[in-house]
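I opened the notebook again today to go through one model from whole chain to single side chains. Here is what I looked up, in the order I got to it.

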Amino acid sequence: ANGGSWQRMLVLRALAAESLVSAKGSLRHVAFLVMGPSAAKPNPTALPPMESLGDSAGRKRHRYVLCAGCSLCSRWPPDYEQHSTEAAVAVTASTALRVLSAARGRQKLAKLRRKRRKLHLHVHTMTLQALGDGVDGSDALEFDADADLEELPAAEESLFDVQGAEEPVRTRSAQVIQLRLTSEQRYQEVLRLVEIYLPKFDIVNMMYALRVCSRSVQQNRNLKRRIQFDNAFVPLFNTLKKQVLSRTNNNVPPSLLTGMLRSCATLSIFDIELFSEVVADATQRMAIYSNNDIAYVVLSLGVLRQKPNAAFMQTLVRELRARLDQRISCRNLSQIVTGMMRLGIRDDRVMKSVSEHLLGADLSLCDDNSLVHLALGFSKLLYLDERIFDALGERIVASVEALSTDQLVKASLAYASVAQVLPESHFVMESLLECIIELRQHDFSNEELVSIALAVSKFQQLTDASLNNRVDDRNLYHTSVQMSTTERMIVDQMEIRSLESFSTSQLIRLIRSLLRLRLRDGDVLSGVASLLAENAAELRMVDISQALYIYGKFRFVHIPFVTAMLGEIKRRGLLEEMSTESLAILAHGLARCYVLDEEFMGQIAAKISSQRRRCSEQELTMVMWSMATLGVKKNTEVLANACMEDVLKRSTRYNPLEISTICWAFAVLSSGRCALWALGVLLMDGFWNQNFEEMEFSMLYHLCTSMRVFHGLAMHKLAGWQMALRCYVDGSCRVQSRHCRLLISRLRLERISHTHTCIVPGLEGFPEAGVQADVILERLRLVIEVDGFHKMTIPLDKNVMEAPSIDLHSICGVAHEVVPDVSKVVECGMNGPAAFKRRLLQKAGWRVITLASGENEEYLTTAVSKTVQGMEDGNTISGDDVGQQQWQQQQQEQEQAQEQAQVNLEGE
């Protein structure tokens, strides 16, 4: 009643806030010392036994009180067995103020501090001293460190755990410094205190300063490098490391070690000695680690991508199983799963234990963020427990409208990954997409929109695979007219936000998602290609190869884009730094676009030949197919022999498709030279007993007929010859082009005897070619090949880029649509298969005429008609004589041209 009302109000509010903080006996200690035993009436027996001596502590008398059993005063040094009530009131009043600050906010704290002058027992003077008047600490009082993390995130509630080792003994200077540190909110001020008073810091002070720095990085990632190289931070970390390594494990509280590990992970600091010490301690004392400590150790290791040893994993599994009765919280389980996901460790024992904890937990009490991270972690680790995904999915669908955009993205990625294996969970993905399209599509950032596009594309791809809706034609794409609602949303958002607002990596991921959706939108692809060409200098080596590969899969040619990418590779010398995988992807992308740079492709062939031991079977197959498709001549013969030798020596590691593709590419590239390795492959034990499909048999036929024509080998005696021949005939040119049909019709009108779309017959004295031709004039020993633009390559040389009569930026599209415009400027050569077919026919004694697309078939038909008419007029000129006369006529025309050129030169 006499000035004690304020203390009563303070204690009642502190007691009311006891459910919000974990001060335990400290609050009752405050009430006892300030007001006497009456404050503890609800449960007086719960007070420490030694505090019963303080019945007069609320009066003005200076009486010594022994309170060694109190949780507040247990950190006093051993030489302070007794202390005055006046000091105790000062300590507990300051602690109560900070507890009240955490519960009621800064405004209440400021208000109560202004009223602090009315306190008895000189509390005002001593509290001012504790707030920093005597930082040196010679005569300063010691203060508690329990509630020193009020401003940190909820995950960081206390430096110490109830279980574990004894808390370190603290000096008065360290506790005063601790109070100064807690009063600072900016990391700059904390580091300034570190720079001045670091010799007087104890391990708790240093740990708290490290946490403040990590908290600043959580709020602003751009501060990470600045803090890492700060002049005060470096000695802080080094001193903390020395103290941790110098102490025995039992002297360091587990929460202190895990807190330090967590802060280092946030700051991206990895020290092998420090982390080994913490992991070893966790392995040895995990039984006394709290659930939070275990979760933070695993999560921190995952953030830094540092895999623990087998002993730690065994201890983790054992501890998770031992705590099944304790029911670890969903938040801690999500941190464990996320850490395992980042480490890339799929330990079935750990995942099974986590699943048992989840199935026994009440997911209705689990926060949305933990639910999403659990689903994402289980999907990334491919631990597909249907019960877990169903339980998490129902909970996510129930709160789908309350999820943040980041949580929607992660949930979509999680359930898109399991669409093929767990079709029952499709309803979750459909609910997420419905919410995204109808309610939230404008709320996503560019990065989140890119992730949504990838999730949608993966979901559709895996759903089609699970329903056996796989498209047989891999080159079949649909246009913007046939888009679904989800695809329309993605394309519309790209138009609304404009492509310029996306980064280059985001653009590459966007077109990758369009590739999965099989959506070929010319405007989007052209715009992205132009932006990538302008910013080629900013692209990473992986981005360049991936971008070329994606456009190759689309078969979409944008010449300025391709030129910029290859030019950047040459300028930076990236070809020597690229891995074999990047080289294979790069070559494959160029081949699918039919863009030929002979020098560049020759360098790739030479490098793959020298590093074939490092290449996987798929990489060698991709490179061989690319070289054969483009008809590259430089360094390809060495590559072909090296690949066939590798197939012969490691045949068990190649699947039938890879073997048949390499055999076909060898036939196209080798031109009949050095067939020893190829013959060894065809004669391997059980070679023809493999499960070759029709297309694969057809590819093997190319190698067999090549060896028969160029080397005269009796390939028809092989066990698989008849099957390969039948598959080749059935699969070759079932549909004639329009130009070929016009030529055949014209020949019929002229009554010229011919055959079409059949195997070329053998000529006397020549080997049988064994290939199919478009039009065959057997009487003239003439074969007419109608080569469309799809049988041509686009030469990437200086003439194309410097042509003034063509706007390359306006020329883009599918390869065979771009070739006609490019062929107006520069001659486009034949691709590898067309050139291979011509060589076979010539070796078999046939003359080959090529009728390119766009050429008038009437002139060719007229010339053939005149030749046939001359033979029928009684001249009885044989086919050989006709050929000889044509050759002589060409020689005469060349001599006349040379003579005319000499005359002109003399005249000048």
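My entries on this predicted model follow.

**Overview.** I started with the protein chain, which holds 40 helices and ten strands. Of its 908 residues, 53% are buried. Among contacts between residues at least 6 apart in sequence, 75% join residues at least 24 apart.

Which residues of helix H37 are buried? I found Ala815, Val818, Val819 and Val822 in that state, within residues 815–823. Looking down the axis of H37, I see its buried residues within an arc of 110°, so they line one face of the helix.

**Salt bridges.** My count came to 26.

- Glu273 and Lys241 form a salt bridge, with the closest N and O atoms 3.6 Å apart. This pair links helix H12 to helix H10, across 32 residues. Glu273 is partly exposed at 46% relative accessibility, whereas Lys241 is buried at 17%.
- Asp406 and Lys410 meet at 3.3 Å, N to O. They sit four residues apart in helix H19, so about one helical turn separates them. I noted Asp406 as partly exposed, at 33%.
- Glu568 pairs with Arg571 at 2.2 Å. Both lie in helix H26, three residues apart. Glu568 is buried at 7%, but Arg571 is exposed at 57%.

How values were computed: Residues numbered from 1 in each chain as written. Predicted model: local features only at pLDDT ≥ 70, side-chain atom pairs only at ≥ 80, totals over all residues. Heavy atoms only, no water. Helix = DSSP H or I, 4+ residues; strand = E, 2+ residues; numbered from the N terminus. Buried < 20%, exposed > 50% of the residue type's maximum accessible area, 1.4 Å probe, protein only. Contact = heavy atoms within 4.5 Å. Arc of directions from axis to C-beta. Salt bridge = Lys/Arg side-chain N within 4 Å of Asp/Glu carboxyl O.
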